[in-house]
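Please have the sequence and the model at hand while reading.

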Amino acid sequence: MKVYQADQIKNLALLGSSGSGKTTLAEAMLFEGGVINRRGDIISKNTVSDYHRVEHEYGYSVFSSVLFTEYQNRKFNILDCPGSDDFIGGAITSLNVTDTALMVLNATQGVEVGTENLFRYTEQYSKPVIFVINQLDNEKANYEQSLENAIDSFGSKVVVVQYPIAVGNDFNAVVDVLKMKMYQWGPDGGEPQILDIPADQKAKADELHNTLVEAAAENDESLMELFFEEGTLNEDQMRQGIRKGLIVRDMFPVFCVSAEKDMGGRRLMEFLGNVVPNVSEMPVPVTKDGDEVKYDKAGPTSLFVFKTSIEPHLGEVSYFKVMSGEVEEGMDLINVNRDAKERIAQLYCVAGNNRHKVEKLVAGDIGVTVKLKETHTNHTLNSKGTEFIFDAIAYPNPKYRAAIKALNDSDDEKLGEVLQRMHEEDPTLSVEYSKELKQIIVFGMGEFHLNTMKWRIEHNDKIEIEFLSPRIPYRETITKVARADYRHKKQSGGSGQFGEVHMIIEPYYEGMPTPATMKVDGHEIKLNVKNEEIVELPWGGRLVYNSCIVGGAIDTRFLPAILKGIMEKMEEGPLTGSYARDIRVFVYDGKMHAVDSNEISFKLAGRHAFSEAFKNAGPKLMEPVYDVEVKVPSDRMGDVMSDLQGRRALIEGMSSEKGFEVIKAKVPLKEMNKYSTSLSSITGGRAFYSMSFSQYDKVPPEIQGDLMKAFEKEQNED
Ligand SMILES: Nc1nc2c(ncn2[C@@H]2O[C@H](COP(=O)(O)OP(=O)(O)OP(=O)(O)O)[C@@H](O)[C@H]2O)c(=O)[nH]1
Ligand SMILES: [Mg+2]
């Protein structure tokens, strides 16, 4: 296919709430551009964009797909994103590599929760937005309402470029107040007839035209002057003004389509081609080191890999954006993240899983290559001697976690590989084997996200799996001072084993003084601390180990063995087998035997003495508590608060922020299971939350009792 230059390329993200018609619109744009010669649809499961089996099963987009189309000597790279909040990763990937967002509205729904969420992301990435009101052919379509919604939600910068003459079954024409023409379609859509605006629409069209002209003039002083002098602007001047307004997000033009009937796509593409900014008109990307990189085809070659997919028969497919220079087939590049050579053996432009060979791609364009050896998502590939390296795309923290298990143990290894591959394809899906919990934990953006994952594993990889509640990483600690002695003695054949340890343990807190004596069980014990060792525990908290042996009761060479024994017990606390933390130990006396004492004996004596003392020291279970921040629309505040209270939340503060109430609370992790699902159902998906680990707090006694019983039962079963 043809090689396009930067000023002929438009990189577009197709955003909008689920079901608004993005995938259908992409299909129409590909058809009108001649990339496909038959339009697929969602019901027949044959669109170019939704080509994965899981997408056919659910009737939703699950992955963002990269598509291209051509129209009037322009190339459009379209990234069709899933609308569901659970697949937000796709929209984030796309916003990182595109220059304009097409925000599709469903004319039967107007602005939806998903529209608002995605609009916020476009704000965060400072990307131009064009509203496309779709489904105008639907009987329930309401253009006026949708437009009004958009103005209410996104402000007066929402400006009409097109409005329909009629909606529903009669939808077949729009008035375009930029062109000041009427576009009318036959029943099959496609190429419109361009007609004069009917007399009865003239006044309305003139008024909207004037509003558009004014909005266009506002972003450029010379246009403003012209506008004052002439009272209007010509089409070219308007385009120039609209482009400027788009770039600084001072203008959000509104277009009308019926994707299903293929009405409006061509005119939209003409506008996109002529008016929306191309890459070189947008802010330049900056490397990790802060260097600005121009989209200049004469610069050194640099590619940024923003997405990877694993396709049957092909293996890894790497999607990249050319950040600088040109890339040609057969080129050797360096993966700077891995310091590895890679050959670009084949070069393609893609439309879903259809690949079109291309000999060269220039700065600003998006393409695909296959069979790279060491390259993954977020890597930079450069020509030799080029140092550019681009930051990895940042995704939001996961909101949902579950433990995953193969029903058949023999599938464990394969499941591990599958999960790794899924993470590679979707960075918002991640996996971690927790040695502590003895579970594989998967993290995602919501329950629906993980359910589609389950479907894929079961149907594509043929592994039966189940989701379980993830265990909670409890900790154990003590609440009072206790003492214990333990003598390990064993006589077997020749040499025996002997070791005796006396110790005191107490709760540890930072900055506590070292005592000279301690009263335990009515006895005053002298502590002559000779050596203090502070162990920073890998699972958090500390163990402070003091040796106060006097008169050589235990040889110093055995002290590390005693610590080892204590550490073994710290790893499996007596209450529920969880890690123990924040304990101070004094080994103050003991006995040894000239022949039989050895390290093993003291390790065992240390372990048992510690275990014994622990049980008498008022052991307590601690649970992880998270800082949770919930942003909720005011009308749902009460419901969200009472739900939080049911989760043992400690409310720490409330404030208001941009139309939301913000609740800050500390909530035990145990109570946050499936929170994203319930929050979404309480608020109709209109609330957001984030959580991060805060601290360990004591578990309420009744819950501790239940957990201990469950552990005991588990031990007896083993
Ligand atoms: N009547 C009518 N139906 C449409 C139109 N566009 C899309 N649809 C239907 O709306 C449903 C959703 O369309 P999609 O194209 O899958 O919507 P999407 O925005 O890609 O949805 P997600 O991928 O889930 O975010 C499908 O059943 C389409 O056939 C339209 O212009 N008119
Ligand atoms: Mg879709």
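Which residues gather in a patch of negative charge on the surface? They are Glu221, Glu225, Glu229 and Glu230. Patches consist of residues with over 30% relative accessible area and no salt bridge, with like charges joined within 9 Å and nonpolar side chains (Val, Leu, Ile, Met, Phe, Trp, Tyr) within 5 Å. Lys and Arg count as positive and Asp and Glu as negative, while His and the chain ends are not counted. The place of a charge is NZ of Lys, CZ of Arg, CG of Asp or CD of Glu.

The model is predicted: local features need pLDDT of at least 70, side-chain atom pairs count only at pLDDT 80 or more, and totals for chains, interfaces and linings use all residues. Residues are numbered from 1 along each chain as its sequence is written, chains are lettered from A and ligands numbered from 1 in the order in which they are written, and side-chain values use heavy atoms, with hydrogens and water left out.

**Overall build**

The protein chain has 16 helices and 38 strands; helices (H or I, at least four residues) and strands (E, at least two) are DSSP runs numbered from the N terminus. Along the principal axes, its C-alpha atoms fill a box of roughly 110 × 60 × 50 Å. Of its 718 residues, 55% count as buried. Buried means under 20% relative accessible area, exposed over 50%, and partly exposed in between (1.4 Å probe, protein chains only). The areas come from the Shrake-Rupley method.

**Magnesium site**

Thr23 (OG1) and Ser61 (OG) coordinate the magnesium ion (ligand 2) at 1.9 to 2.0 Å. These two residues link distant parts of the chain, 38 residues apart: Thr23 is in helix H1 (residues 22-32), and Ser61 is in the loop between helix H2 (53-58) and strand E2 (65-71). Both Thr23 and Ser61 are buried. Donors are N, O and S atoms within 2.8 Å of the metal (3.2 Å for Na, K and Ca); water is not among the atoms, so sites may look incomplete.

**Salt bridges**

The structure holds 42 salt bridges, each defined as a side-chain nitrogen of Lys or Arg within 4 Å of a carboxyl oxygen of Asp or Glu. The table gives some of them.

| Pair | N to O distance |
|---|---|
| Lys179 and Glu235 | 3.1 Å |
| Arg648 and Glu623 | 2.7 Å |
| Glu657 and Lys631 | 2.9 Å |

Lys179 lies in the loop between strand E8 (173-176) and strand E9 (181-184), and Glu235 in helix H8 (residues 235-247), so their bridge ties together parts 56 residues apart in sequence. Lys179 is partly exposed at 21% relative accessibility, as is Glu235 at 31%. Salt bridges with shared partners join Asp176, Lys179, Glu235, Asp236, Arg239, Arg267 and Glu270 into one network.

Arg648, in the loop between helix H14 (637-645) and strand E36 (650-657), is paired with Glu623 in strand E35, 25 residues away in sequence. Arg648 is partly exposed at 26%, whereas Glu623 is buried, with a relative accessible area of 2%.

Glu657 in strand E36 and Lys631 in strand E35 are 26 residues apart. Glu657 is partly exposed at 38%, and Lys631 is partly exposed at 26%. Strand E35 covers residues 620-633. Lys631 and Arg686 are 55 residues apart in sequence and 8.7 Å apart in space, C-alpha to C-alpha.

Terms used
Areas by Shrake-Rupley, 256 points an atom, 1.4 Å probe, with all protein chains shown as cover.
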